[in-house]
Amino acid sequence: MARHVAKVTASSTRFFLCDMQEKFRSTICYFPAILEVNSRLVEASRILNIPLTVTEQYPKALGSTVAELNIPNGQAFAKTKFSMMIDEVQRDLQEEPERNNVVLFGIETHVCILQTALDLLEHGFDVHVVADGVSSRTMVDRHFALARMRQAGAQITTCESILFQIMQDSKHPNFKEVQKLIINTSPDSGLLSGVQP
């Protein structure tokens, strides 16, 4: 019997961008680096025609998604729940049940990302958390949340790795476009240092 290894393809995948809002800009560790990685993933979702689900945590107080990500007005779902798995998102997921892989990125790792990952896993999805695309106010919270998600069954990956997994072959019709996004290595986001910036 073949082993389930949570492989991703463009047709089986959906991207989740969690709460990359203006109010967090000054408080999240390595925010500029996380924003750069998130920008690459958002653009890759357009190039590869992968659905992008976007949420904003209580936008009245925390603001909209940062302008650099170019999310059209009205695309983001407002929420008060920490998990992205609100009713509107669950309805979207039910419309394309073949998309059973969710690539998850944004903030904060130990709150909304963690709770979203656990809810998705509980609903039977394969979850791929982009380690260089998530962060928290402290590196301690970030590291332990990544460990908790791995223990629960999420795949911990990187931006570059997940994009190459999705394309699978340098002959992929969008390879050159995606390659331009990752030609420069991802910025350092302190993943290996464990030290506050």
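**Strand β1 and the side-chain pairs of the model**

Modeller: In this predicted model, β1 is covered on both faces: Thr13, Phe15 and Leu17 are buried on one side, and Arg14, Phe16 and Cys18 are buried on the other.

Colleague: What makes β1 a mostly covered strand?

Modeller: Six of the six residues of β1 are buried. A residue counts as buried when its relative accessible area is under 20%.

Colleague: How do you know that Arg14 belongs among the buried residues?

Modeller: The relative accessibility of Arg14 is 5%. The cut-off for buried is under 20%, so Arg14 with its 5% counts as buried.

Colleague: Which strands pair with β1, and in what sense?

Modeller: β1 pairs with β4 in the parallel sense over six bridges, and with strand β2 (residues 52–57) in the parallel sense over four bridges. Two strands count as paired when there are at least two bridges between them, so the six bridges to β4 meet this requirement, and so do the four bridges to β2.

Colleague: Which residues are the bridge partners of Cys18?

Modeller: Cys18 has Gly106 as its bridge partner in β4 and Thr55 as its bridge partner in β2.

Colleague: Which elements make up the right-handed β-α-β unit?

Modeller: The unit consists of β1, α1 and β2. It is called right-handed because, with the strands pointing away from the viewer, the path from the first strand over the helix to the second runs clockwise.

Colleague: Why are Glu96 and Arg14 called a salt bridge?

Modeller: The closest N and O atoms of Glu96 and Arg14 are 3.1 Å apart. The limit is within 4 Å, so the pair qualifies as a salt bridge.

Colleague: What makes this a link between distant parts of the chain?

Modeller: Glu96 lies in the loop between α3 (87–95) and β4 (101–107), Arg14 lies in strand β1 (residues 13–18), and the two are 82 residues apart.

Colleague: Why is Glu96 called partly exposed?

Modeller: Glu96 has a relative accessible area of 24%. Partly exposed lies between the limits of under 20% for buried and over 50% for exposed, so Glu96 at 24% is partly exposed.

Colleague: How many salt bridges does the structure hold?

Modeller: The structure holds eight salt bridges. One of them joins Arg40 and Glu36, whose closest N and O atoms are 2.9 Å apart. Arg40 and Glu36 both lie in helix α1 (residues 31–47), four residues apart, about one turn of the helix.

Colleague: Are Arg40 and Glu36 buried, exposed or partly exposed, and how do you know?

Modeller: Arg40 has a relative accessible area of 6% and is therefore buried, whereas Glu36 at 34% relative accessibility counts as partly exposed.

Colleague: What makes Arg137 and Glu108 a salt bridge?

Modeller: Their side chains meet at 3.8 Å, N to O. The limit is within 4 Å, so the pair of Arg137 and Glu108 qualifies.

Colleague: Why is Arg137 called exposed, and how does Glu108 count?

Modeller: Arg137 has 51% relative accessibility, and exposed means over 50%, so Arg137 counts as exposed. Glu108 has 11% relative accessibility and counts as buried.

Colleague: How many aromatic pairs does the structure hold?

Modeller: The structure holds two aromatic pairs. In one of them, Phe15 and Phe105 have ring centres 5.9 Å apart and planes at 85 degrees. The centres must lie within 6.5 Å, and planes over 60 degrees apart count as edge-to-face, so this pair is edge-to-face. The pair links distant parts of the chain, with Phe15 in strand β1 and Phe105 in strand β4, 90 residues apart. Phe15 and Phe105 are both buried.

Modeller: The rings of Phe164 and Phe175 have their centres 6.3 Å apart and their planes at 50 degrees, so that pair is tilted. Phe164 lies in helix α6 (residues 159–167) and Phe175 in helix α7 (residues 175–182), 11 residues apart.

Colleague: How do Phe164 and Phe175 count in terms of accessibility?

Modeller: Phe164 counts as partly exposed at 36% relative accessibility, while Phe175 is buried with a relative accessible area of 13%.

Conventions. Residues are numbered from 1 along each chain as its sequence is written. This is a predicted model: local features need pLDDT of at least 70, side-chain atom pairs count only at pLDDT 80 or more; totals for chains, interfaces and linings use all residues. Side-chain values use heavy atoms; hydrogens and water are left out. Buried means under 20% relative accessible area, exposed over 50%, partly exposed in between (1.4 Å probe, protein chains only). Rings of Phe, Tyr and Trp (its six-membered ring) pair if their centres lie within 6.5 Å; planes under 30 degrees apart count as stacked, over 60 as edge-to-face and the rest as tilted.
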